[in-house]
Amino acid sequence: MKKYPFLMVFFFVFVQLLKAQLVYIVEDTDENVEIVGNWKSVNYEDCFGGSALYTRKGDGSAWVRWNYTFNFPGLYQVETYVREYKYGQDTRWTITTAQGDTTVIVDEYYNPGWQLMGTFEFDETTSIKLTNYFESDSGNYVYGDAIRFTSMMPLYKLSGSLIMNGQNQ
């Protein structure tokens, strides 16, 4: 029985590539982020990328919008990064998708890390908007940091066959 170490290594690397995902992160400091109202910039170690935005609870007139253009439109999981502090328990985020606007509620009250907002189908462009409005009595602030888009689509479509005939040494 002949062994084919080259093919085994190739197959392992190829399978790892198939498992890879496209991940895009849009920071609060990105040039395509729009800020309206009295948002403060902070630079704490536990912010994603070292910086974030926050403002006091209000009527929704202050907002931040992360605008993004995809190289590969399709299905993406959307998350936002939150640091541990007394931010709003029911902050409002509006996600613009291929099907229209969807408002989701994110718990930012002592809830650090990446917070899932959902999985959405996107065309080439999208925007995600956070306002300074929330209803709960928890916290007095709204926090805006990085947005992470993780592709839920396969990267490669496979077809064909692999023939091992002893000539691939």
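The legends below describe close-up views of a predicted model. Local features need pLDDT of at least 70, side-chain atom pairs count only at pLDDT 80 or more, and totals for chains, interfaces and linings use all residues. Residues are numbered from 1 along each chain as its sequence is written, and side-chain values use heavy atoms, with hydrogens and water left out.

**View A. An open sheet of 4 strands in the order 1-12-6-9.** The pairing is antiparallel; two strands pair if DSSP finds at least two bridges between them, and strands are DSSP runs (E, at least two residues) numbered from the N terminus. Strand 1 (23-26) and strand 9 (113-122) are the edges, each pairing on one side only.

**View B. Strand 1 against strand 12 (residues 147-151).** The two run antiparallel over 4 bridges. Y24 has F149 in strand 12 as its bridge partner.

**View C. Salt bridge between R148 and E79.** The closest N and O atoms are 2.9 Å apart (a salt bridge is a side-chain nitrogen of Lys or Arg within 4 Å of a carboxyl oxygen of Asp or Glu). R148 lies in strand 12 and E79 in strand 6, so the pair ties together parts 69 residues apart in sequence. E79 is buried at 8% relative accessibility (buried: under 20% relative accessible area; exposed: over 50%; partly exposed: in between; 1.4 Å probe, protein chains only).

**View D. Salt bridge between R83 and D46.** The N to O distance is 3.0 Å. R83 is in the loop between strand 6 (74-82) and strand 7 (91-97), and D46 is in the loop between strand 3 (40-42) and strand 4 (52-56). R83 is buried at 11%, whereas D46 is partly exposed at 33%.
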